[in-house]
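Please look over the sequence and the structure first.

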Amino acid sequence: MHKEHYQTNSNLIFGLGLHSAAIIAFQLALMQLISVVQWHHFAYMIISIAMLGFGASGTLLALAREKLLRMSHWLVPMLMTFSGLCMMVAFRVTRTDFFQFDVYLLFVERSQFPILAANYLIFFIPFFTGALAIGILFIRHARQIGTYYFSNLLGSGIGGLLVLFLFGNIFPQQTPPIIGLLSVTAGLISISRKYRARHIVLGVVSVFTAIYLVHQPGTIRISQYKSLAQALNLPDAEVIYSNPDIHGLIDVAASPALRYAPALSLTYSGEVPVKKNVFVNGDYYGVIPRYREGQTSHILDYTTQSLPWAMQHRNNVLMFNAGEGAPLAHVFSKQPSHVDAPIPNGGIVSMMKDHFAEASGRLFLKENLDIHNVEARNFLAGTRKRAYDLIVLPHQDAFGGTAGINALQENYTMTLESFALMWDHLAPGGVIAASAWTDYPSRNTLKLLATMVQTLQDKGSGKPQKHIAAVRSWGTITFILKKTPVTAAEEEDIRRFARERSFDPLILPTITEGERQRYNMIEDEDFFLYVDKILDGDKDFLDDYGFMIHPATDDRPYFGQFIKLASLPKLSKVFGGDQLPFLELGYLIVMVTLLQSTFLAVLFIILPLFRLRKSHRGKGGTLLYFGALGIGYMFVEIILIQRFVLYFGHPVYALSAVISTMLIASGAGSLLSGKLTASPRSPAVVGLVVTLMLLFYTFFLTPVLQWSIAGPLTAKILISLLLIGIPSFFKGFMFPLGIRYLAGYDQGQIPWAWGINGSFSVISTSLAMLIAVEAGFMSVMTIAVICYAIASGVFFLHRWFFKQKVPAG
């Protein structure tokens, strides 16, 4: 009998780990899939609502605790299996005609709201049923919570690593059925022989569903407003190449109507070339260039992007936009001595070196081209090999704008710290070149100029008007930031280039008002006044402007974010409330996510739990403790992800490393927490230790990472494991210690704690993003410190928060 009980518990613990791996992997896979069909901000919106399932499961457990526990021996495996089946089919159901939703239409068509609600419900079900299974196990084994919580966190950590492997080897739509099989397997091994008959039908259906969906994945139906969907609307358009990669799904589309003419000069008289377009997750990435060895001209000669070459020849070039294809071919048409090209998307590089090598003239295989599979900032922070005559930045925004869909996408290449590093890498007379599509109201161009001006001021290099030049076409503006003053000869070369291409000089050391608007007229002539104010270093103008055009920093690396909360009423009045979302959709989606997740959490989780009659003492302490843990843990996770994205130079690797290390280390802490007593002193002291650690990280984490960023990969991995793992290990003690305390104080409050922790975790994701945008990452970390201090304080003051003395041990 003892042996059978031991075996059952072992199966449950192992099944819990498998099921937990499936839930975290499904969450990440769902974010990837929704990023393909919509945009990554909408992925956060869906996930935040779906993850409310964890909180809602806590509510149900609190309301029907005894009944659920009586059925738990057959219900837990059934819930795991059903959750796995729902994971397999949920995404495919939402892409059917009846449930297909488009985020771009949300603010203009009210009919989208019931469809959105249906999407919420569909994605809610697998998380709710999966979390309910975990919650029942936690309550049933509350006094052994350390072991079960360890299995939960260890499995979650492994799930984060598993999804990386899946992303790089199979198409996104094939991942849900494979992930769902983990939960199905967990249910099958957790069921006892007594209840196996009632479980077998669901298990068989789930397995056959997974096999069918893997072998018949179909195609992903993406939003009609995504670049790939628009390209495929052209005559005879087709996808000629598709390949999964951890950085996203890579597609190449071809059509006789796909022509490449990026704001060409009106003086161009040649044939506009047909180009195959490259897309990542349905978003435009670049083109397949057609390069010929020895060519000395390129279509980009007829764009403002050719400005730095109009000034003088450049030997050593550093390109941060080489992956786009055409800019790299343009640079090599100028016969440089050497080109360095950091391209973080390894899938793009492999594609260009293999599948499209001949079509591109073997451009990516040139001997004087060094491709580095890292982010721009990681390359800049490494050992400097040479001084550059030209550093080329990626083109900012897109033709016609992007509706601010990239507002909350971190861009460490465009921060002040990045510009300072680029400046240090310039040779005497070298330039940094950056182009942007003209936008109205002006945002990208003004922020880019403000960043260059602030860089000059930080470097003490004199008047910006002597170091910055810019030319303007009908669609783009190209700025150059020169390490030494622009010479009179260079100034005349720029004027000649502008005249020959029918461009207008925007910034020159001796610019005249009449030069600025000779060929390309604009309606809002205040733009020139804005440019002059920025050049003059007018800080009041930056503060008072209707949009956020202060330079981005590493603490607030959102170059594409322009909306100010304080300016929303004024902007709504000027542009109209129905037009405001299209100025910056990404930012507003996160705001809506925060509001709706907070409202639903209060309505469906927190308020029902307050109505419980049995658990009436110490609710304030339970709410504060587990709510603070939910917010604090997620805030720290988000900060560490941002810091280590910059540290490793690979966003996907950093995301996986941080999440997996945090969960596994926390699981180890949870396992060892059982060696501590369940007295109030244990969570109080551990909470204090975590608080002091995070306080140290607030001020010293970034300097430590900057000091070691150029080190060998082995050393960086070891440093990362220590920096992420040590505080996570101690954080892993706090949830099980709190649960064990409640097991001796009032078991009825355990579901309440589970629900509160899940609810606040959901809310904290979008809340942390908004705080980071408005106040910076330092503020997010400071709030995390306060949260853990509150959690520690609850048990230091336990006699006030918990009115009844807890039994010893």
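The model is predicted: local features need pLDDT of at least 70, side-chain atom pairs count only at pLDDT 80 or more, and totals for chains, interfaces and linings use all residues. Residues are numbered from 1 along each chain as its sequence is written, and side-chain values use heavy atoms, with hydrogens and water left out.

The table lists the domains, whose bounds come from an automatic or database domain assignment.

| Domain | Residues |
|---|---|
| domain 1 | 1-221 |
| domain 2 | 227-278 |
| domain 3 | 290-398 + 416-551 |
| domain 4 | 561-809 |

The C-alpha centres of domain 2 and domain 3 are 23 Å apart. Contact (heavy atoms within 4.5 Å) involves 19 residues of domain 2 and 23 residues of domain 3. Buried area is the accessible area (1.4 Å probe) that two parts lose on being put together, summed over both. Between domain 2 and domain 3 it is about 1800 Å², with 68% given by carbon and sulfur atoms. Tyr241, Tyr260 and Ala263 supply 27% of the area that domain 2 buries against domain 3, more than any other three residues.

Helices (H or I, at least four residues) and strands (E, at least two) are DSSP runs, numbered from the N terminus. Axes are lines fitted to C-alpha atoms, for helices over the stretch in contact, and angles run from 0 to 180 degrees between N-to-C directions. The axes of helix H5 (residues 72-94) and helix H8 (residues 175-190) come within 7 Å and cross at roughly 170 degrees. H5 and H8 are therefore roughly antiparallel (an angle over 145 degrees).

A salt bridge is a side-chain nitrogen of Lys or Arg within 4 Å of a carboxyl oxygen of Asp or Glu. The structure holds 19 of them, and the rule finds 0 across the interface of domain 2 and domain 3. Aspartate 97 lies in the loop between H5 and helix H6 (112-140), and arginine 221 in the loop between helix H9 (196-215) and helix H10 (227-232), so the pair ties together parts 124 residues apart in sequence.

Two backbone details remain. Tyrosine 440 and proline 441 are joined by a cis peptide bond, with omega about -5 degrees. Asparagine 281 is not a glycine, yet has a positive phi of about 55 degrees.

Notes. Parallel < 35°, antiparallel > 145°, perpendicular 65-115°, else oblique.
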